[in-house]
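Please read the points below alongside the sequence and the model.

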Amino acid sequence: MIVRHLTGDPPDQAARATAALASGETLLLTDVVLAECAYVLESFYEVPRERVAELMRAAIASPNLKTVDEAALIRALEIYELVRIDFAEAYLAAQAETTGVGEILSFDRSIDRLGTVRRREP
């Protein structure tokens, strides 16, 4: 729904999504939905990473959109934008930081650029 609202594509679904967001009804923005939005905006719509992060931060800040862990999502977006790794890895790194786990099992070497968590290959 958020992607439809942001892109206006397709127009009929975009209008309904925008109306739902403007209704004032409290809606849940889950971590998975935000990740999917970031992926679709960047890969399909070719929205620049910085703009994707800006749009997702605005969604999180929307008064009628609630999240489970706002701080972790904000940190994940910061990592995604500044360290330039995929949102899924950025979210994993943010969770590793906030939980104190500090280590990630992954083959994705892009995580090494972060420096605040340790990546170890299984």
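1. Is the crossing of α3 and α4 left-handed or right-handed? The crossing of α3 and α4 is right-handed; a crossing is called right-handed if the near helix is turned clockwise from the far one by less than a right angle, and left-handed if anticlockwise.

2. Basis of the note. This is a predicted model, in which local features need pLDDT of at least 70 and side-chain atom pairs count only at pLDDT 80 or more, while totals for chains, interfaces and linings use all residues. Residues are numbered from 1 along each chain as its sequence is written, and side-chain values use heavy atoms, with hydrogens and water left out.

3. Overall architecture. The chain contains six helices and four strands, arranged along the sequence as α-α-β-α-α-β-α-α-β-β. Helices (H or I, at least four residues) and strands (E, at least two) are DSSP runs numbered from the N terminus. The C-alpha atoms fill a box of roughly 45 × 25 × 20 Å along the principal axes. Of the 122 residues, 38% are buried, that is, under 20% relative accessible area with a 1.4 Å probe, protein chains only.

4. Helices α3 and α4. Helix α3 spans residues 31-43 and helix α4 residues 49-61; they pack at an angle of about 150°, with their axes 10 Å apart. Axes are lines fitted to C-alpha atoms over the stretch in contact, and angles run from 0 to 180 degrees between N-to-C directions. The pair is therefore roughly antiparallel, a label for angles over 145 degrees. On the α3 side, L34, C37, A38, L41 and E42 meet R49, V52, L55, M56 and I60 of α4, contact meaning heavy atoms within 4.5 Å. These residues divide into eight nonpolar, no polar and two charged.

5. Helices α3 and α5. The axes of α3 and helix α5 (residues 70-82) come within 11 Å and cross at roughly 25°. These two helices are therefore roughly parallel, the label for angles under 35 degrees. Their crossing is right-handed. In α3, D31, L34, A38 and E42 meet L73, L77 and Y80 in α5.

6. Residue S106. This residue lies in the loop between β3 (103-105) and β4 (118-120). Why does S106 count as buried? S106 counts as buried because its relative accessibility is 13%. Leaving aside residues up to four places away in sequence, S106 touches I111, R119, R120, E121 and P122.

How values were computed
Buried means under 20% relative accessible area, exposed over 50%, partly exposed in between (1.4 Å probe, protein chains only). Angles under 35 degrees count as roughly parallel, over 145 as roughly antiparallel, 65 to 115 as roughly perpendicular and the rest as oblique. Ala, Val, Leu, Ile, Met, Phe, Trp, Tyr, Cys and Pro count as nonpolar, Asp, Glu, Lys and Arg as charged, and the others, Gly among them, as polar.
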